[in-house]
Amino acid sequence: MKKRRYGIGAIALIAASALALSGCAAGGSDDSASGDTSAVITANGSEPQNPLIPTNTNETGGGKILDSIFAGLEYYDATGAPQLDMAESIDTDDSQTFTIKVKADQTFSNGDPVDADSFINAWQYGALLSNEQLNSYFFEDIEGFSYDADSPLTGLTKVDDLTFTVKLKEARSDFPLRLGYSAFYPLPKSAFDDMEAFGQNPVGNGPYKLASDTAWAHNEKIDLVPNEAYKGGRQAKNGGLTIVFYASEDAAYADLLGGNLDVLDAVPSSAFGNYESDLGDRAVNQPAAIFQSFTIPERLAHFGNDEEGKLRRQAISMAINRDEITDVIFSGTRTPASDFTSPVIDGWSDSLEGADVLKFNADEAKKLWAQADAISPWSGTFQIAYNADGGHADWVDAVSNNIKNTLGIDASGAPYPTFAEARTAITDRSIQTAFRTGWQADYPGLFNFLGPLYATNASSNDGDYSNPEFDKLLQEGSSTADADEANTDFQKAQEILLKDLPAIPLWYSNVVGGYGENVQNVEFGWNSVPLFYEITKN
Amino acid sequence: MAGYILRRLLQAIPVLLGTTFLIYFMVFAMPGDPLLALFGDKTPNPALLERLRQEYHLDQPFIVQYFLYLGGIFRGDFGTSFSGEAVSDILARTFPVTIRLAILALIIEFVGGVLIGLYSGLRKGKLFDGTALIVSLVFISLPIFVIAFVGQYVFGIQLGWARTTVSTGAPIQDLILPAFVLASISLAQLIRLTRASVIETAGLDFVRTAYGKGLSRRRIIPVHILRNSLIPVVTYAATDFGVLLVGATVTEGIFNVPGVGRTLYQAIIRGEGPTVVSFVTVMVLIYLVVNLVVDLLYGLLDPRIRYVK
C-alpha cells in the first residue's frame, strides 16, 4: 500500500554533507513555550487521496487524520492490542453474533450523540454499493452485504439507543479485533445531509477535531485541536496537531533537521545511511505491520501447484540472502521475514515448522532446483515484475542476482513504468512473470495477512493460489471463539503456505522515523503511525 | 497594433483546442488503470470498480470523454480530483503561489544577470569578468536539484537563515530561497548573454560616435550600450518567465512549495485526467500570452521592429 515515489536525494545529500563538514547547529525554531500542554505538534503527512470519510479512506495520508478525529468502538494501543474506546462491551458466544454496547453520554464535537444509530447508519452507508466506498469490503462478512447490488446490512439490529447486534454470514473470531479500523467509525447525523461537504470538513468524535471550517488546506496541511467532547483513553496531551503534507520524504526530513517538523514517520531512503547519526537517540527504527514478498502465480509454466512447482519455489526462496539484502540495500530498515505476517501482530512466530525455507541455503537450493529439473527441464528467464516509480529496482536486482548466482539460471527484474500499470497487469492476469506484492495490515490480526491474500478466490489472491487444507484451517481459526486457539490454527495454515510458497516472503518493512529535540513521549503504534495524542513538547 | 494583437489572440483558439486534445489523448493513452492504483496492493471488487469507472466516465470511449470534458469547461466546470476538490479550486490555489515564486525568481535573475553581465562586459578580461564567467559556468553545469539540496542544507539546516521548506500560505520570505535556486541557472545564462551582447554593442560605430561627440559614460552606458544590448536578454528572460510560470516540479518538490509543478506531478502520478489537462491548458494559455508580450516588447526596445495592420 505504501508507495515510495522519490529517490533523487542521495547525490545531493552527499554533496551537501561534504560542504558542511563543520558545525551541527540546527536552525532555530521560534517556539518559546516550554513544557506546556498548549504546544502544537507538527507531524509529517501527505494530502489525503480521497474525501475524509472513514469508509472511503484506504491510504495512510487520510487514515492518519481520520484516526485522530474519529473514535471507533475500540482503538489499538502501541502494541496493537485493542482497547475499548466508544464501546462499553463487545460480547459473543459463537463468534457469529455480536452484542455491542456503546458507552453512555458520548457525543461528536458538534453535539450529535454517539449511539447505536451512529454506528449502524455509518456502516450501512459504507457498505451500500451505490455509495461507492473504497472500504466497503470491510462489511462483506455482515449478513445482507452484497458486492453486486444495493443491499442493506440486515445483520445490524438496533436493540436500544446504545445497544445493537451484528450478525455475520459465518463465524469470524477476529471480527472484534477489526472494529478499531477506520471503516467501522461512527458518523454523526449531520453527515448524511451532505456527505460531499462532510468529506471536506468532517465532524468526528475522536481525541482531536478540525480547528475550523477551513482547517484542511489542500496540499499544504490540516490543523487539528483537542476535542473536549472526547472521553476515551486517547486524551490529547498537547495543544493540537498540525499534519503538514509533503510531496517528498526528502522535504519532510529536511524540515525535521531544520526544526520545522516535530515528528517524522518516513525517513527517505536517501537518508538511510546517515539518519542515525543525524538524529542520535531520536531516530526510530522498528518492525511494522508491513509484509513484503513476490508472488509466483500458479499459471506460470514450471510453477504449478505440483511437485515440480513446489521444489522450484523452495529453491528460489532458499537462493535469496535476505540478511544481506536488508543490511546492504536497506541499511537495516527491513527485517528478514520468518513467516507471512508481521512481528508486531499478536500470534506471530519465528519458529514455524518449515520456516527454514526462508533461510539462505545455496547448497540446498541447488539440490532442490536439480530435483525439479529432473521432473521437467527448466528453460527461459525468471523475472520479477515491479513498478519503477516505487524505488523497488535495487532490491529486485539484488534478489535476481541471488537467484542467478545460486541457481545458475537467467533472472532479472521486469519494471513497469507506473504503479497503476503494474496493478492493471496483475489484476487482469495478463502478467506472465512473478511480481512484487506487499501487504499493510488494516487491523492487527494474523487473519488479515492470510485470508484476503491466499484463501481460494479471495479478493487480493493475485496468484490464484488454492489449497483446500489451507482454507479449512483458516475457517477453523475463524470459527473458534478463543483467540489463542484461533492463532494456533492460523499458524498451522501458515505452515502449509511455507510448503506451497504461493508468494516468497522477503522481509517486513520497518517504520523508520525520528522526532525533534523539543518533543517527548514519541511512540509509534503498530501501524507505523506515531501516537500523536501522547506527544508533549517543551 | 490592435489588429496584430487581435489576430494573435484568435490564433490562440485552435492552438488551445489542439493542445487540450493532444494532452487528453496522452493521459488517456497512459497505460494502467488509475482506479486500480487507488486501492494500493489490494484488489477491489469488480462491481465497485465498474461504478467508479462510470462516475469518472472512464468506461466511455476516448472521444466521448474528451467532449464531456470540453463541454464542462465551457460551463466553467473543470472536473474534480479524486479527493473531491474542484479542479478550478486547485487552479486558483496553486497558480498564485507559482506566480509569486516566478516573479521573485525573474527579478533576481534579470536584475542580477543584467548588472553583473554589464559590469563584466565593460571590464572584459579583468578579474571580475573572469570570476563571473567561471562561477556562471559552474551554475550552468549543475543540475537544479543539487543546487536546491545544497541550498536547503546550508541555508536552511546549517545556518538557519531560511526555512527548510515553504510554510503554509507560501509567504514571500519563505519563497526567497527557492526563488534563488530557481533563478540560479538562468541568472548564470543571463550574465553570459548580457556580457556578450554588451561587448558586441560597445564595439559598434554609433558608440564610438557617441564618445566622439563627447557624451559622458554615464549617458552612453545605459542609453546607447545597454538598451541596444537588451533584445536577446529580454527574449531569454521572457521565455524563461514562461517556463517559471508553468511550475518547477523539482524545486517545488524539494522545498514543498504548494504550487503548480508539485500539484501537476502528483496528478500525473495518480492519473487524474481532468486535473492534468486543466493545468496544461492554463499553461498553454500563459505561454501564448507571454510570447505575445515578448513580441510587443521588441517594438519598445527597437523602434525598427514595428507591427503593422
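Two helices of chain B, α1 (2-29) and α4 (62-74), each supply at least two residues of the patch. Helices (H or I, at least four residues) and strands (E, at least two) are DSSP runs, numbered from the N terminus. F67(B) sits in helix α4 and is exposed, at a relative accessible area of 52%; buried means under 20%, exposed over 50%, and partly exposed in between (1.4 Å probe, protein chains only).

As for ground rules, the model is predicted, so local features need pLDDT of at least 70 and side-chain atom pairs pLDDT 80 or more, while totals for chains, interfaces and linings use all residues. Residues are numbered from 1 along each chain as its sequence is written, chains are lettered from A and ligands numbered from 1 in the order written, and side-chain values use heavy atoms, leaving out hydrogens and water.

Also in chain B, helix α8 (residues 172-202) is not straight: α8(B) bends by about 45° at S184(B), the bend being the angle between axes fitted to the seven residues ending there and the seven starting there. Its end C-alpha atoms span only 38 Å, whereas a straight helix of 31 residues would span 45 Å (1.5 Å times one less than the number of residues).

Over in chain A, K221(A) belongs to strand β10 (residues 221-226) and is buried, at 18% relative accessible area. Its side chain makes a polar contact of 3.2 Å with that of D223(A); such a contact is a pair of N or O atoms within 3.5 Å, where within protein one must be able to donate a hydrogen and the other to accept it, and residues adjacent in sequence count only if both atoms are side-chain atoms. I41(A), in strand β1 (residues 40-45), is buried at 0% relative accessibility.
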